[in-house]
Amino acid sequence: MTSKTEKNGKRRSSLLVVLLVSIGLTITALNFIQTWIVSRNARLSVEADSTVDYQETVAGYARSIERDILKYLGKLDFYVNADIMQEEDFDAAGEWLQAHGHVRDADFDYIMLIDKNGVSYNDNGSRTDVSQRDYFQEVVLNGKDFFIDNPVISKTTGEYVTHFSRAVKVNGKTFAAVVGVVPLLNITKEINEIKFGTAAYGWLLTSDGTVMAHRNPDYLMQKNFINNPTPGHEEIIEIAKRMVRGETGSGTVAGHDAARDLVCFQPIEGTPWSFAISIPSDMIYDLVTKIRNQTMLCGTLTVLLTILIAGVLISRLLKPLNRVNEGMDAIASGDADLTRRIDIKLNNEIGAVVDGFNKFASKMQTIIADVKNSKSELSRAGQNMSATAQDTAASITEIIANIESMRGQINNQVRSVNQTASAVNEIASNIESLENMIQTQSSGVTQASAAVEQMIGNITSVNMSVDKMAVSFKSLQSNTQSGIVKQQAVDEQIKRIEDQSTMLQEANTAISAIAEQTNLLAMNAAIEAAHAGEAGKGFAVVADEIRKLSETSSAQSKTIGEQLNGIQASIKTVVEASADSSQAFGAVSQQISDTDQLVTQIKSAMEEQQQGSQQITDALHNMNDSTVEVRNAAAEMSEGNKMILQEVGSLQSFTTAMQQSMDEMGVGARKINETGAALNAISDQVGASIVQIGNQIDQFKV
């Protein structure tokens, strides 16, 4: 008893461990999945928000750089708008420039005045040939109003500088170019000072991918992110290519510690440069990391607390099962007391198990009680079975004698039945020949009738198709008339569009004239501003903007005029096509009418053909009815003969079966006789078994 209890105790402990481990693993897996989903969603959300925020930051810095560039260009107004420039005397203007070197702004190394040959006067007293420089090509030769180049080594100072160039125009033509030479460090100073967060920094690329500004001073004008990126950071090549193409966007590159750094970039308007900010991943995903760590900590505490609570609950729930185990041991051992019950009242699954055990014990008690009550009846039945076996043996001996007498009579009956079957078979052969002849005639009539009916069906189908064609042609003719009406409405709308396009052309001509007048006013305003000197600088800027607006309006007016001419040509083509379409609709309507008359004639001919075919079908039906009557009569004769043959065959089968059955009955009777003797012995054994079962049942207490 003690060993069983210890063994069962081990099993209960094992069940408890399995349940707790399963619960712990399940909650841990769910917690891991939850943490992964939350971290991933938070990472995607933070990444999207950070990209937008940092892109706006890049745009703000880019606008700041653009304002600085406009300041540099604005500081050249003193030279561009000087009265000396309007005299178109380059040497005099150059000497004036050199004489005013003391008024140069401190942001410039020196100021240059370049003629159409690429030779410059410098306000530091030197002269330089810059005919191969980009700013000379773009402003003097190509006629641009201003140009800012990539940093180059100055021929005068030997340092990296950037040239801010503006065209000096006299009577709308470029007379010379004023160039302010700015040291590279003056431009990149603001970018190098950009610092926010823990490690984010800004950098600047030229139009060929060369680093113009960067927190690493070794990169300045020495590193090209397209041609020679840092080993292990080749992903920067694609971002650099997008930057030099003037795109605005973002991307990620390999950072430190296998992390991904975010790069946001935007071009600097008016320059060939592009500005970017690099943000380390730890600045972006720091919040995500904190959320993930806190979620994992909370999940771990949840798992431990759940296992503790589950362990206490499961231990309490398993205690009632000990009572069930004790009750089952009491029934399985000792005095086999079926009256024992488990007194536990629980409203849960364990209570249901206890209740089921009590019901099972009660049912078993009832069954065993009934078996004990039936023990005496089994004893009497065993005695009766022994007496019956002896009477059966005597009866079987008498049956064997009667079977031998009946066998002789059945042999005589078999010979008579065989003679009758031969005569009936000969009659059946004659009837079958007659039936084949009638069947051949009936098949021919049926095939002819089916062919005619199929022809009538085809004619009917053709009539239906012709009717549908007639309806379709009527509908098509109606749609054609509707199409002609709609085509006329389209012609009217096209005419209205043509009239409106003429009005638009006249309005566009008026706009072009206004733009020309505005251009003349802007030129006059610019001349007056130049005469006003310093006081007219602000007005000169406004006049220049008005001139640009006039030129843009004139160009747009020209484009609109060309588009309107194209629209009028297209409208003319549509009008001609519409006329052709109207003629085509008329021709189609006439052809549909002709085709409808042909369909009506075909329908009349098919109706006459259907009437003639119907008369043929009626005649074939009458012939088929007569043939069917003859065939039915022959079939009835054949069926009657078959029934006679079947009866005779059945009689032969029955007679043969009776003969075989008598033989088998004889064998069986002898077998039964032998079995009777064995049955007596079995009856004695059953009686002994009944006594033994009774003794075992008496052990149960009910």
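Aspartate 77 is buried, with a relative accessible area of 15%. Its salt-bridge partner is arginine 166, and the closest N and O atoms are 2.1 Å apart. This is a predicted model. In total, 8 salt bridges turn up across the structure. The protein has 702 residues, and buried ones make up 32% of them.

**The Asp77–Arg166 pair**

- Aspartate 77 sits in helix H2, whereas arginine 166 sits in strand E6, which spans residues 160–170.
- Arginine 166 has 19% relative accessibility. Buried means under 20%, so arginine 166 counts as buried.
- Aspartate 77, at 15%, falls under that cut-off too.

- Lysine 75 forms a salt bridge with aspartate 105, with 3.2 Å between the closest N and O atoms.
- Lysine 75 lies in the loop between helix H1 (2–74) and helix H2 (77–80).
- Aspartate 105 lies in the loop between H3 and strand E1 (110–114).
- The pair therefore links parts of the protein that are 30 residues apart in sequence.
- Lysine 75 is partly exposed, at 30% relative accessibility.
- Aspartate 105 is also partly exposed, with a relative accessible area of 29%.
- Lys75, Asp105 and Asp107 belong to one network, joined by salt bridges that share partners.

**The Arg245–Glu247 pair**

- Arginine 245 and glutamate 247 meet through their side chains in a salt bridge, at 3.1 Å from N to O.
- Glutamate 247 has a relative accessible area of 29%, which makes it partly exposed.

**Surface patches**

- A patch of negative charge on the surface gathers Asp83, Glu87, Asp89, Asp91 and Glu95.
- One of these residues, glutamate 95, is placed in helix H3, which covers residues 90–99.
- A nonpolar surface patch is formed by Leu30, Phe32, Ile33, Trp36 and Ile37.
- Together, the residues of this nonpolar patch have about 560 Å² of accessible area.
- Leucine 30, a member of the nonpolar patch, lies in helix H1.
- Leucine 30 has 55% relative accessibility and counts as exposed. The cut-off for exposed is over 50%.

**Isoleucine 514**

- Isoleucine 514 lies in helix H9, which runs over residues 375–532.
- Its relative accessibility is 54%, so isoleucine 514 counts as exposed.
- Isoleucine 514 and serine 554 are 40 residues apart in sequence. In space, their C-alpha atoms are 8.7 Å apart.

**Whole-protein totals**

- The secondary structure comes to 10 helices and 12 strands.
- The protein exposes about 42400 Å². Carbon and sulfur atoms supply 56% of that area.
- Consider contacts between residues at least 6 apart in sequence: 63% of them join residues at least 24 apart.

Note on methods: Residues are numbered from 1 along each chain as its sequence is written. This is a predicted model: local features need pLDDT of at least 70, side-chain atom pairs count only at pLDDT 80 or more; totals for chains, interfaces and linings use all residues. Side-chain values use heavy atoms; hydrogens and water are left out. Patches are made of residues with over 30% relative accessible area and no salt bridge: like charges are joined within 9 Å, nonpolar side chains (Val, Leu, Ile, Met, Phe, Trp, Tyr) within 5 Å. Accessible areas come from the Shrake-Rupley method with a 1.4 Å probe; for residues, only the protein chains shown count as cover. A salt bridge is a side-chain nitrogen of Lys or Arg within 4 Å of a carboxyl oxygen of Asp or Glu. Lys and Arg count as positive and Asp and Glu as negative; His and the chain ends are not counted. The place of a charge is taken as NZ of Lys, CZ of Arg, CG of Asp or CD of Glu. Helices (H or I, at least four residues) and strands (E, at least two) are DSSP runs, numbered from the N terminus. Buried means under 20% relative accessible area, exposed over 50%, partly exposed in between (1.4 Å probe, protein chains only). Contact means heavy atoms within 4.5 Å.
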